Amino acid sequence: MNKALKEILFSEEEIRAKVKELGKEITHDYMDKDLYVVGILKGSFIFMADLVREISLPLLVDFMSVSSYGRNAKSNGEVKILKDLDFSVEGRDVLIVEDIIDSGYTLKYIEQMFKTRGANSVKFAAFLDKKESRKVEMEVHYKGYEVPNDFIVGYGLDYSEEYRNLPYIATLKEEVYK
Ligand code: PRP
Ligand code: MN
Ligand code: MG
């Protein structure tokens, strides 16, 4: 294991099983819907790739790139769109895919925007949920695991753009980020 890592939280095998479960549930729930799956770059890219292969339905795949406004942005929830969707959400059932939810500001903002644009429904699929650091109330419809407020990397999650490619999910040693 990489020297910067403290502990493996979820192995490749555990992740695979959980994604299968979520895919099954989503397949069941979206049977008669017009599913539009939207991944939020960059963190979601691996979960997104795994999840859509476990959904046995016709669907649209798209990505959106967002960033917070300045340093304090995460505290007021303002989000800037760097890459918007390729298709219209109007009348579609949008499933937003995230690697992790922290404050909840990113998803809350995008959800509101998609609703304003006329989406038929907007739901979230997040592999990890850092519930303790949530700043807004929201329902996470499809959730992999709840995680403590540690620095978490792997399976798309980065520390300073590193570790996204780890096939498992691990915590980072404190001396690495402190
Ligand atoms: C992380 C994560 C979510 C967001 C969650 O992305 O992937 O997109 O933060 O935070 P929030 O719930 O407080 O809004 P990050 O900004 O690190 O970008 P990245 O996905 O490119 O790593
Ligand atoms: Mn992200
Ligand atoms: Mg990040």
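The protein chain contains five helices and nine strands, where helices (H or I, at least four residues) and strands (E, at least two) are DSSP runs numbered from the N terminus. Along the sequence these elements follow the pattern β-α-β-α-β-α-β-β-α-β-β-β-β-α. The radius of gyration of the protein chain is 16 Å, close to the 16 Å that the globule rule gives for 178 residues, so the chain is as compact as a globular protein of that length. The radius is taken over C-alpha atoms, and the globule rule is 2.2 Å times the number of residues to the power 0.38. The model is a predicted one, in which local features need pLDDT of at least 70 and side-chain atom pairs count only at pLDDT 80 or more, while totals for chains, interfaces and linings use all residues. Residues are numbered from 1 along each chain as its sequence is written, and chains are lettered from A and ligands numbered from 1 in the order in which they are written.

Along the principal axes, the C-alpha atoms of the protein chain fill a box of roughly 50 × 40 × 25 Å. Of the 178 residues, 31% count as buried. A residue is buried if 20 or more other C-beta atoms lie within 10 Å of its own, exposed if 12 or fewer, and partly exposed in between, with C-beta atoms placed from the backbone. Two residues are in contact if their C-beta atoms, placed in this way, lie within 7 Å. Among contacts with a separation of 6 or more, 67% join residues 24 or more positions apart.

In soluble globular proteins, nonpolar side chains tend to be buried together. The largest nonpolar core of this model has 42 residues, a nonpolar core being a set of buried Ala, Val, Leu, Ile, Met, Phe, Trp, Tyr and Cys residues joined through C-beta atoms within 7 Å. The residues with the most contacts inside this core are V94, L95, I96, V97, A125 and Y155. Leaving aside neighbours within four places in sequence, I96 is in contact with V38, I40, L107, I110, V122 and F124.

Helix α2 (residues 45-52) includes L51, and its buried residues are I46, F47, M48 and L51. These buried residues are covered by elements including α1 (12-29), β2, β5 and β6 (121-129). L51 counts as buried because it has 23 C-beta neighbours inside 10 Å. Not counting residues up to four places away in sequence, L51 touches V19, L22, G23, V97 and A125. The C-alpha atoms of L51 and K20 are separated by 7.4 Å, although these residues are 31 apart along the chain.

Ligand 1 is surrounded by 15 residues, the closest being K42, G43, D102, S103 and T106; a residue is near a molecule if its C-beta atom, placed from the backbone, lies within 6 Å of it. The shell has five nonpolar, four polar and six charged residues. In this classification, Ala, Val, Leu, Ile, Met, Phe, Trp, Tyr, Cys and Pro count as nonpolar, Asp, Glu, Lys and Arg as charged, and the others, Gly among them, as polar. At least two residues of the shell come from each of β2 (35-41), β5 (93-101) and α4 (105-116). The most are given by β5, with four residues.

In α4, the buried residues are Y105, T106, L107, I110 and F114. The 12 residues of this helix should span 16 Å at 1.5 Å a residue, and its end C-alpha atoms are 17 Å apart, which agrees; the expected span is 1.5 Å times one less than the number of residues. Just after α4, G118 takes a positive phi of about 95°.

Most residues other than glycine have a negative phi, and most peptide bonds are trans. The peptide bond from L41 to K42 is cis, with omega near -5°, and K42 lies in the loop between β2 and α2. Y155, a residue other than glycine, has a positive phi near 55° and is placed in the loop between β8 (152-153) and β9 (169-172). Y155 counts as buried because it has 28 C-beta neighbours inside 10 Å. S160 is also not a glycine and has a positive phi of about 55°; its place is in the loop between β8 and β9. S160 is exposed, with 8 other C-beta atoms within 10 Å.

A4 lies in the segment before β1 (5-10) and counts as partly exposed, with 16 C-beta neighbours inside 10 Å. Not counting residues up to four places away in sequence, A4 touches L172, K173 and V176. A4 and Y177 are 173 residues apart in sequence and 9.6 Å apart in space, C-alpha to C-alpha.
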